[in-house]
Amino acid sequence: MPQDESPRVPKRIAAVIINSLKGGVVPRIGLPYITVGREREIGALLHDLDLVADGGASFRFLVGRYGSGKSFLLQTIRNHAMGKGFVVCDADLSPERRFQGGNGQGLATYRELIRNLSTKTRPDGGALNLILDRWISNVQSQVTLEDGLTLDDPGFMEAMDRRILTTIRSLQELVHGYDFARLLTLYWHAHMEGDEDTKVAVSKWFRGEYRNKTEARQELGVNIAIGDDDWYDYLKLFAAFLKGAGYQGLVVLVDELVNLYKIPNAVSRQYNYEKILTMYNDTLQGRAHYLGIIMSGTPQTIEDRRRGLYSYEALRSRLTQGRFAQEGMTDLLAPVIHLQPLTPEELLVLTEKLADMHAGLFKYQRTVTDKDLARFLQLEYGRVGADTHLTPREVIRDFIELLDILYQNPGSDIGQMLSDERFSQPVAAPAEQSPAPGVRPSGTAGAGSPTPAVSVPGARQPGTKGAGQSPSGAAVAAPLPGRSIDDDGFAEFTI
C-alpha cells in the first residue's frame with residue numbers, strides 16, 4: 001500500500017501510540033491502527049460478550065509470556081466492549097491490590113475497578129455518576145412515553161417511584177441487593193431535589209470509600225459499607241443494575257496476576273486463589289448475570305503447581321487442558337487461552353504500519369523500504385536466544401528506536417546500522433519466575449527450534465526468477481498486502 005493511501009492517523013493518536021510502544025506499555029487509544037493478528041482470540045472473546053449481553057456470564061484467562069501481547073489484547077477487547085454498549089472496568093493487581101487481603105487489598109482492587117468504570121462516551125474512566133444519571137434519565141423516559149406523564153404532572157413522582165421499585169426489585173433478591181437498591185433510591189430523590197451533598201455521599205458509597213459502617217450511617221443513614229470480604233458481591237449487583245440502566249452488561253479486566261504468584265505467604269495466596277474460584281464458579285454456574293471477567297498472567301502464574309493457580313487443586317482441575325489439545329490445535333472455547341507468538345509475517349505488517357505512522361507524525365518521507373523491514377526482522381529472529389525469549393514488545397521497541405535514530409540523524413544509513421554487530425547481541429530473558437518442573441511456557445519454542453522465516457507477500461521464492469528476485473538470484477522484499485503485485489506468492493527469507 002503506498003504511503004499516501006495508508007489510513008490517516010491523527011497526530012495526537014499517533015504520538016500516544018509511538019510513545020507508549022517505545023516505553024513498553026500498551027496505548028489505550030488508537031489500537032485499531034496497529035492491531036495485527038489475534039483474529040481467533042478476539043473472535044472467541046467477542047463471542048463471550050454476546051453471551052453476557054444475553055444475560056449470561058463468562059470467565060477467561062489470557063496466558064502468555066511478558067511482552068507477548070496480553071495487555072494489548074485486553075485493551076483491544078476493552079475498546080470492542082465499549083463500542084458494543086458495555087460498561088468496562090479494569091485494574092492491575094499489585095502488592096496493594098489483591099482479591100483478598102488483611103489490610104484492605106481486596107477493597108483497594110474494587111476501588112480501582114470502580115474508578116476506572118468506562119463507557120463509550122466516557123472511555124477514560126470516572127463514569128459512575130454518568131451511569132447513575134443515565135439510569136434516572138431512562139426511567140424518566142419510560143414514565144413519559146408509557147404513562148404519558150411529564151415532569152410537571154402531579155403524579156409524575158409517584159410514577160417514577162413505582163418504576164424505580166420495579167427496576168430494582170430484581171436486585172433485592174441478590175446478596176446485599178436491598179441495601180444497593182436503597183442507595184439507588186437515595187440517589188434518585190437527591191437528583192430530583194437538587195441535593196448535591198447526598199449525591200456525592202451516595203457516589204462515595206458506591207466507590208467503596210467509606211472506611212466502616214459508622215461513617216456510612218452518619219452520612220447516609222445506611223448500616224452497611226462495602227468491605228474487603230464482600231466487594232465482589234457488589235460487582236455482581238452492578239452488572240445486573242447496568243442492564244436496567246440501558247447498557248449491555250459489565251466487563252471486568254484484571255491484569256498482572258503475577259502479583260498473586262509473588263505473595264510470599266502460602267495461606268494468603270490460597271485465599272486469593274479461593275476468591276478467583278468463587279468468581280469462576282459464579283460465572284459458569286449461572287449465579288452471575290450480565291458479567292464478563294477476563295484475567296491475564298504469565299504461564300508460571302497459572303501452571304506452576306507450587307505457587308501458581310494450579311497449586312490450588314480446585315482451580316487446577318477446572319483449568320488444565322484436556323488430552324486432545326496440542327500445538328496448532330488449541331481450544332479457544334476453553335477457560336484458558338494461551339497466546340501464541342505473532343508470526344514473522346504479522347510482525348512485518350506491524351512494522352510497516354509503524355513506519356508509516358512514524359513518518360506521518362514527524363512529517364517526513366518514509367525511506368525505510370520493505371526490504372529493510374524484512375532485514376530488520378531477519379536480524380531480530382537471528383539473535384541468540386530469540387527462539388525462547390524474543391517477544392513482540394522487544395521487536396517493536398527496537399524498531400521504534402531505529403526509526404527515531406534515523407529521523408534524528410538524516411545522514412545515517414539503515415543498512416549500516418542493521419549490520420552493526422551489537423544488533424545481534426543475545427536477547428535478554430524476561431524477568432519471570434521459572435516454571436514448574438516439566439511445564440514449558442505456552443507459545444514458546446523448544447530448545448533447538450528453528451528460527452522462523454520471514455515471508456513477504458508478493459515476492460517469489462528464493463532461487464526462482466521473476467518478480468521479487470534480483471538478477472543475482474537473491475530474494476528481494478516485495479510489496480505487502482494491499483499493494484499492486486504481480487502474483488500472490490511468498491518469499492521466504494531464511495535466517
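Predicted model: local features only at pLDDT ≥ 70, side-chain atom pairs only at ≥ 80, totals over all residues.
On a 1 Å grid over the protein atoms alone, a pocket is an open set of points where a 1.4 Å probe fits, with protein on both sides within 12 Å along at least five of seven lines, and its lining residues have an atom within 4 Å of a point. A volume is the space filled by probe spheres set on the points.

Residues are numbered from 1 along each chain as its sequence is written, and side-chain values use heavy atoms, with hydrogens and water left out.

The second largest pocket has a volume of about 800 Å³. It is lined by 39 residues, and those closest to its centre are Val 25, Val 26, Ser 71, Phe 72 and Arg 393. Helix H3 (70–83) gives the largest share of this lining, seven residues. Strand S2 (87–92), strand S3 (250–255) and helix H18 (392–408) are also among the elements that supply at least two residues each. Here helices (H or I, at least four residues) and strands (E, at least two) are DSSP runs, numbered from the N terminus.

Now follow S3. Six of its six residues are buried, so S3 is largely enclosed by the rest of the structure; buried means under 20% relative accessible area (1.4 Å probe, protein chains only). On one side sit Leu 250, Val 252 and Val 254, and on the other Val 251, Leu 253 and Asp 255.

What does S3 pair with? Strands pair if DSSP finds at least two bridges between them. S2 and S3 pair in the parallel sense over six bridges, with Cys 89 opposite Val 252.

Note on methods
Buried < 20%, exposed > 50% of the residue type's maximum accessible area, 1.4 Å probe, protein only.
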